[in-house]
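Me: I'd like to learn how to read a model like this one. Could you walk me through it, feature by feature?

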Amino acid sequence: MLPFLFRRTFGAIVTLILLSAVTFFVFFAVGDPALMACGKNCTADNIALIHQNLGLDKPLPTQYWDFLSGIFVGRDYSIGHCGAPCFGYSFATKQDVWSTMIDRLPTTASLALGGAVAFLVIGIGAGLLAAWKRGTFLDKAVTSISMVLSSVQIYILGPIVLGIFVYSGIMDSPKYVDLTSNPAGWFMGLLLPWLVMSTIFTAQYTRMSRSTMIEQLQEEHVRTAKAKGMPARYVFLRYAWRGSLIPIVTILGMDLSSLFGGAMITEFTFSLAGIGRLAIDSVTTLDLPMVLGVMLFSAALILVFNIIVDAAYAFIDPRVRLS
Amino acid sequence: MTSPSQTAAAQSDSPGLEPEGLKKEKNSKGGELVGRSPGQLMWARFKRDRTGMFCGIVVLAFFVISALAPVIASLYGKDPYTFYSNSDPNLLDEFGFPSGPNGGVSGDFWFGIEPQLGRDLFTQLLYGMRTSLGISVAVTILVVITGTILGVTAGYLGGRTDYWLGRVMDFLMAFPSQLTFVAFMPVVVALFVPPGDETPTYIRVVALILVQWALGWMGLARLLRGQVLSLREREFVEAAKITGASPWRIIRKELLPNVVTPILVQSTYMLPLFVTAEAGLSYLGVGIMEPTPDWGRLFRTAGNIYESDPTFLLFPGAAMVIFVLCFNLLGDSVRDAFDPKSGR
């Protein structure tokens, strides 16, 4: 386990360094970022701040090195010192990039994790139900409904759900409330975004868990368990389900980055101030330090979760050797 | 040199294929046995799949309608750019919303009128679908070409080429794709247009295609690499090598015909994903901009005005749901037709 974690962490760090380099050079090599960031209503003050911010007089590799070392040891700007994880200052709001991201993180984390729980529970639950009642009307209904729902994009379903529940006055507008101070408000505030976001993901989990369950139910060990006279429910949940978890975890690992994309569109649809929304806002204002920070930050998060998902294989299936 | 693909198909599928192939021939040719290409067998199987045929027709209709958007619009007599409320102020009420019921749906404006601006929704949807589908088709073609070349090369050459291509794929897959699209769009646009200048629409289209292409090909390449890894050990490839065929010839004539199936199946799954991704970008405001009609931009407008004019979402939304659903079902049918064993 430990060598695996070590190796994967090392790989992730190399990937992140490369990714930051590519992003950095693409962003800052396409012309004067100061001009790009300023756009049409550019003032001399703005340009001065941006040049100060980035040390644009230095050669690109030096600039990149300053940026990279700033993340680990902090950086000194003429406007003051920027503490250890320093991603620079926003062009648009003049705020510290890192603290803005940390500020926005709880919203996106709640949204993405809650959404993932929603589509895993609903998707796998529906898939198990369909496999259990295989060939019946229920099976067909579950399979077709999930197929149709998976074709409804967040930006189509979002307004409809808002229309039914919020504009009619049944529920309050979705918003992020701090989990620790008001758990009920947190849950109710994010319930609609979770459900809307999970629809496009649910169907593939339903399909996958249904088909692997059906496969698993024909396995020898399941037949043996049945022959021993074990209760059908027990065989179904303990014997067959465990075997069907592996492919589910595999697609979950592949979905992590689209989960972030889904969170971004959901935040936009429901006007939630998360990291995805921050990314969109900074892109439209060409706030490069912020975009760069968000890119690196979310790539790092996704890589960490990828390692966790891979490690989860070993817990689910003892045959998997993490080597 | 058609034999390798046929041998390969017969080898892998022989229990499923032969009885089917033989029975059909007996009926039509009075017992005479005639070989059928895997493509013919696939088509025969596909024709029997009613869902697949129906969805194929629907999807085809979407493409035809989008391609003919200017023709349909001129027959219909309107275009997506004109502010019709300027010439007829009665179309919108004092708040800028359609004065007719249901978002202004009428004999003149089939799908209603856009609030505030008074543009015609029907032609906007037609042209918007054309933009979105055009971009997605271009991305799909580029992705299939790149993925095929790199995947097959990596799988066939193996060794160092395979290793480094594999690392490049791993690296590109580490990019959070949708966020990268959003983040790189303005930068790619800036590559072509100096800051401050007005960006022409075609630059945005090129940028949309480029960013989706750059991060879209790895899945297919990886899949094909795996397939080729097992194919290259097969006898027909060995035989070709012994006869002195060049690697390029082996890739082109021996390997490519054998990976046509996964390529076709994957591209039918990919295209709707590219359509929704492109629409998503325009929805977020970083894709196609006003006044160019775009499917995704319609959802942006629809979301903003949904509380007062819910009808505006109905037609673009229903069209997209039907399109994506049918394309996904079509993908399943294509897969089943190529590989009858896979099952649902």
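Reply: Along its sequence, chain A runs α-α-α-α-β-β-α-α-α-α-α-α-α-α, which comes to 12 helices and two strands. Helices here are DSSP runs of H or I with at least four residues, strands are runs of E with at least two, and both are numbered from the N terminus. This is a predicted model, where local features need pLDDT of at least 70, side-chain atom pairs count only at pLDDT 80 or more, and totals for chains, interfaces and linings use all residues. Residues are numbered from 1 along each chain as its sequence is written, chains are lettered from A and ligands numbered from 1 in the order written, and side-chain values use heavy atoms, with hydrogens and water left out.

Me: What scores does the model get for ipTM and pTM, and what does chain B average in pLDDT?

Reply: ipTM and pTM are 0.84 and 0.84. As for pLDDT, that's the predictor's confidence in each residue, from 0 to 100. Chain B averages 81, and 88% of the residues score at least 70. Over residues 1-29 of chain B the pLDDT is below 50, though this stretch has 39 contacts in the model beyond near neighbours in sequence. A contact means heavy atoms within 4.5 Å.

Me: How much of chain A is buried?

Reply: Buried means under 20% relative accessible area, exposed means over 50%, and partly exposed is in between (1.4 Å probe, protein chains only). In chain A, buried residues make up 49% of the 323 residues. Of the contacts in chain A with a separation of 6 or more, 68% join residues 24 or more positions apart.

Me: Is A:G123 buried or exposed?

Reply: A:G123 counts as buried because its relative accessible area is 0%. This glycine belongs to helix α5 (residues 97-132) of chain A. Leaving out neighbours within four places in sequence, A:G123 has contacts with A:A118, A:T202, A:Y205, A:T206 and A:S209.

Me: What about the phi of A:S271?

Reply: Most residues other than glycine have a negative phi. A:S271 has a positive phi, near 50°, and isn't a glycine. You'll find A:S271 in the loop between α10 (232-269) and α11 (275-284) of chain A. With 56% relative accessibility, A:S271 is exposed.

Me: How big is the area buried between chain B and chain A?

Reply: Interface size is often given as the accessible area lost when the parts come together. The buried area used here is that loss (1.4 Å probe), summed over both parts. Between chain B and chain A it's about 3,700 Å², with carbon and sulfur atoms giving 79%. In contact terms, 40 residues of chain B meet 45 residues of chain A.

Me: What does B:T180 touch?

Reply: B:T180 sits in helix α9 of chain B. Not counting residues up to four places away in sequence, B:T180 touches A:M295, B:F175 and B:L215. Its relative accessible area is 5%, so B:T180 is buried.

Notes. Buried area = accessible area lost by both parts, 1.4 Å probe.
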